[in-house]
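Open the structure in your viewer and keep the selection panel at hand. The stops below are meant to be taken in order.

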Amino acid sequence: MKRKIMVFDTTLRDGEQVPGAKLNLHQKIEIAQQLKRLNVDIIEAGFPASSAGDFQAVQEIARSVGNSVSITALARAVKSDIDAVYESIKLAQNPLIHIVLGTSNIHVEKKFNRSKDAVLQMGVDAVKYAKTLLPQVQYSTEDASRSDFEYLWETIEAVVKAGATMINVPDTVGYAVPEEFGELIRKINERLKNLDDRVILSVHCHNDLGLATANTLSAIKNGAEKVECTINGLGERAGNASLEEVVMGLKVRENYFNGYTDINTTELHRTSRLVSHLTGLDVQVNKAITGENAFAHSSGIHQDGLLKDKRVYEIMSPEEVGADSMELILTARSGRHAFKNTVERMGFDTSDADDFEQLFAKFLTLADAKKEVYDHDVFYLVTNHRTVEQSSKQLYELESFQVVSNDQCPTAAVKLNKGSESMKGSAVGDGPIDALYSAIKTLVGLEIELKDYKINSLSRGKEAVGRVNIRIEHQGKIYSGRAMDTDIIKASANAFLNGINGILLDLVKDEK
């Protein structure tokens, strides 16, 4: 029988402790609403004793989403903190008080400057008091992975007898390794089930050695029933276990772990983007599950395999996590199969083997020069190679542009080519990019809405190359566009045109 693994999200508490990631009240509520759509079991909404603002945020989250998601907040093992948690979450349908207190020697001796017995009694007293307020109380043994096991167990046993309904075992400083942490959880789980099998065993892993996800999954394998995570792995120092990685690790290897979650995985990508946008913290491009390149393939061998069967190089589909479908990025490392697929997708014939080899050689030359090759590049490469009727296959290409930026009336003028046709236009906007995109939209005559715009620097110094990634919507369908250049305005224009050319290719396909 597969076990249900509870998912406890602490993005709004531990995740917000990242320097520069401070969220206002409305942003926290927006994230909480998305976590509700993601279907997490518990939201840790903050640390209400830390400030009046945090208290208000926790209270508002309890009011807005607490009717369907369990809400908790953090308290130290002191009465005033516990009172603050209770007052802020009591309106939720299933509130939970979360108490944390250290158990490692360094915490007991250096942080509290008390004896082990005195610290243990602090924990017991805190749990007993919390139980007078609410039936559900979680106790976290901070820095458990560096604690003496017998003292750690003595603490767990005492707080369970005092009324704790959940025991959380944190790897607070990311010190543990998977085999060791799994063994720790196995030993605790055996004793805990003999003590009171109703108590839920939980883990909270940090990523200082890059092992947070591995340690969390090892804990699940060894009996943990609840995991504490954050979106995008946000958190103190190197962060926490990434919710999306743990959840998809369980989903892809469900039989191995003998467990599942109730997470709506199709909301993972949207949740990641929202948290990234509101915190201003970018997700690394090669991050598992939600990184920009998580489902992108540029290696020729990989592209060849994927085009034959996606399962050759993908263990999960992009659609499962709410991402756009597989993207093949053409580079000098792309093989014949990927290039041929792109050419055929545009409607060109590739049956002449000699002609295709000549075309592929030209593509490699272009790819060496440009690093990344996009649809409009391939289109003009083919049409320049072959004197064929271009008709409805024509795509847009940027010939020139001029942008004037000021605080009064930002304007842009552009000149586009579409086959032998040349067109000019200009527009004003709220800023230089808005003006540029408005001018392009007027010329192409399509109803397009910009959904996402992102700039990344790929190098350093005054010659740094900027990569622009956009997502646009046309008739309810999302299209991606990307481009690189040392001029970010030019890269922005080409990324927009790449997205528009994707729309045109779809329209041609529909006509056929």
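The tour goes from the whole chain to a barrel, then to the cores and a separate sheet.

**Before selecting anything**

This is a predicted model, in which local features need pLDDT of at least 70 and side-chain atom pairs count only at pLDDT 80 or more, while totals for chains, interfaces and linings use all residues. Residues are numbered from 1 along each chain as its sequence is written, and side-chain values use heavy atoms, with hydrogens and water left out.

**Whole protein**

Show the cartoon: there are 17 helices and 18 strands. Both kinds of element are DSSP runs numbered from the N terminus, helices being H or I with at least four residues and strands E with at least two. Of the 512 residues, 54% are buried, where buried means under 20% relative accessible area with a 1.4 Å probe, counting protein chains only. The accessible surface is about 22,900 Å², and 47% of that belongs to carbon and sulfur atoms; areas come from the Shrake-Rupley method with a 1.4 Å probe, and for residues only the protein chains shown count as cover.

**The barrel**

Select strands β2 to β9. These 8 strands close into a barrel in the order β2-β3-β4-β5-β6-β7-β8-β9, with parallel pairing. Two strands pair if DSSP finds at least two bridges between them. From one strand to the next, the twist averages 25 degrees; axes are lines fitted to C-alpha atoms, for helices over the stretch in contact, and angles between N-to-C directions run from 0 to 180 degrees.

Next, pick β4 (residues 70-76) and β5 (residues 96-102), which are parallel and share 5 bridges. R76 has V100 in β5 as its bridge partner.

Now select 166-171, which is β7. Are its residues buried or exposed? In β7, 6 of 6 residues are buried: M166, N168 and P170 on one side, I167, V169 and D171 on the other.

Strand β7 runs parallel to β6, joined by 3 bridges, and parallel to β8, joined by 6 bridges.

β6, α6 and β7 make a right-handed β-α-β unit, and so do β7, α7 (residues 178-195) and β8. Right-handed here means that, with the strands pointing away from the viewer, the path from the first strand over the helix to the second runs clockwise. Helix α6 lies across β6 (137-142) and β7, at about 165 degrees to β6.

**The cores**

Which residues have the most contacts inside the largest nonpolar core? They are I99 and I167, in a core of 89 residues. A nonpolar core is a set of buried Ala, Val, Leu, Ile, Met, Phe, Trp, Tyr and Cys residues joined through side-chain atoms within 4.5 Å. Helix α6 (residues 149-162) gives the most to this core, with 9 residues.

Centre on I99: its contacts (heavy atoms within 4.5 Å) include A75, R76, V127 and Y139.

**The open sheet**

Last, select β13, β14 and β15, which form an open antiparallel sheet in that order. Its edge strands are β13 (396-404) and β15 (421-428), and its twist averages 15 degrees from one strand to the next. Strands β13 and β14 (residues 411-418) pair over 8 bridges. S400 stands opposite K415 in β14. Helix α16 (residues 432-444) packs on this sheet and touches β13, β14 and β15, with its direction at about 40 degrees to that of β14.

Note on methods:
Buried < 20%, exposed > 50% of the residue type's maximum accessible area, 1.4 Å probe, protein only. Lists of a residue's contacts leave out its neighbours within four places in sequence.
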